[in-house]
Amino acid sequence: MATLKVREVTKRFGGLVALDRVNLSVEERELRGIIGPNGAGKTTLFNLITGELKPTGGKIFLDDEDITGLPPHLICQKGLSRTFQLTSIFPELTVYESIWVGINSKRHRWNPFTKVKNLTDVAERAEKICHLIGLQEKRDELAVNLSYGDQKILEIGMALSTEPSILLLDEPTQGVSPKEAEEIIGVIQRLAKDITVILIEHSVDVVLQVCHKVTVLHEGRVIAEGDPAEISKNEEVQRVYLGEA
Ligand SMILES: Nc1ncnc2c1ncn2[C@@H]1O[C@H](COP(=O)(O)OP(=O)(O)O)[C@@H](O)[C@H]1O
Ligand SMILES: [Mg+2]
């Protein structure tokens with residue numbers, strides 16, 4: 001069963017058509033890559049899926065439920081979580097605290113009376129996420145003191161704290177060293193064994209290497225979709241990227 005469906009979604013900013021009748025279906029536990037030149041509409045697509053922006057037209061479904069236009073916190077509660085293209089951490093919290101806060105705020109929203117009773121539960125979950133993202137040895141370091149690559153990984157951990165079934169990552173390797181990028185991609189591959197991951201990524205090589213299926217956006221339209229082998233052979237995709245270079 002498809003977990004996320006985007007149907008004929010259009011987004012206009014004044015006279016600019018940022019997305020033009022985009023369709024996208026992502027299956028459960030897929031690791032989907034989204035690539036495309038700057039300004040293609042990738043981040044806008046995430047903003048529409050997570051409710052930060054409302055589409056001008058079209059519909060978005062999560063497990064066949066229409067979530068179009070719902071506010072971000074409700075969409076998050078339904079199991080969708082994201083990271084942002086620009087790093088957003090709490091500098092003065094430790095790794096462990098950053099994740100703990102996220103978990104507890106979600107449980108609090110569900111039922112305020114379980115908050116105190118289930119603190120052990122929250123702590124266990126926070127430990128588990130620290131391990132999952134490979135930051136258990138740095139759990140007591142302040143976020144501000146982490147390397148940039150580890151900050152990007154912590155952001156992924158914070159996005160996991162709301163226990164999403166679908167995780168949207170917006171260029172998680174932007175600005176990090178090749179070695180850090182490798183670590184981040186390793187974490188993403190590990191996560192994708194249990195949840196659905198949609199990855200916007202600048203490096204086409206990375207996406208072709210790790211994703212099950214790739215969607216290519218160009219000037220607000222999906223110009224290609226397929227497995228990595230199909231995408232690397234696709235002439236229009238090659239043209240778009242050669243044109244950019
Ligand atoms: N809030 C906004 N207001 C006006 N224009 C926007 C806004 N967000 C994005 N855009 C425009 O929409 C287009 C797609 O942007 P974006 O989705 O950020 O592209 P990408 O993430 O693929 O680089 C760009 O032309 C961008 O300038
Ligand atoms: Mg972007």
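A residue counts as buried if 20 or more other C-beta atoms lie within 10 Å of its own, and as exposed if 12 or fewer do. In this predicted model, the buried residues of helix α5 are Val122, Arg125, Ala126, Ile129 and Cys130.

**Helix α5**
- Helix α5 comprises 14 residues, 119-132, and spans 20 Å from its first C-alpha to its last, close to the 20 Å expected at 1.5 Å a residue.
- Viewed down the axis of α5, its buried residues fall within an arc of 140°, so they line one face of the helix.
- An α-helix has 3.6 residues a turn, so residues three or four places apart point the same way.
- Thr120, Glu124 and His131 are exposed on the other side of α5.

**Surroundings of ligand 1**
- The shell around ligand 1 consists of Phe13, Leu16, Ala18, Gly36, Asn38, Gly39, Ala40, Gly41, Lys42, Thr43 and Thr44.
- At least two residues of this shell come from each of β2 (16-27) and α1 (42-49), and α1 gives the most, with three residues.
- Classified by type, the shell has four nonpolar, six polar and one charged residues.

**Ile60 in strand β4**
- Ile60 belongs to strand β4, residues 57-62.
- With 24 other C-beta atoms within 10 Å, Ile60 is buried, because the threshold is 20 or more.
- Leaving aside residues up to four places away in sequence, Ile60 touches Val6, Val9, Leu48, Ile49, Ile67 and Thr68.
- Glu8 is 52 residues from Ile60 in sequence, and their C-alpha atoms are 8.9 Å apart in space.

Definitions and conventions
Residues are numbered from 1 along each chain as its sequence is written. Chains are lettered from A and ligands numbered from 1 in the order in which they are written. This is a predicted model: local features need pLDDT of at least 70, side-chain atom pairs count only at pLDDT 80 or more; totals for chains, interfaces and linings use all residues. Helices (H or I, at least four residues) and strands (E, at least two) are DSSP runs, numbered from the N terminus. The expected span of a helix is 1.5 Å times one less than its number of residues. The arc is that of the directions from the helix axis to the C-beta atoms. A residue is near a molecule or strand if its C-beta atom, placed from the backbone, lies within 6 Å of it. Ala, Val, Leu, Ile, Met, Phe, Trp, Tyr, Cys and Pro count as nonpolar, Asp, Glu, Lys and Arg as charged, and the others, Gly among them, as polar. Two residues are in contact if their C-beta atoms, placed from the backbone, lie within 7 Å.
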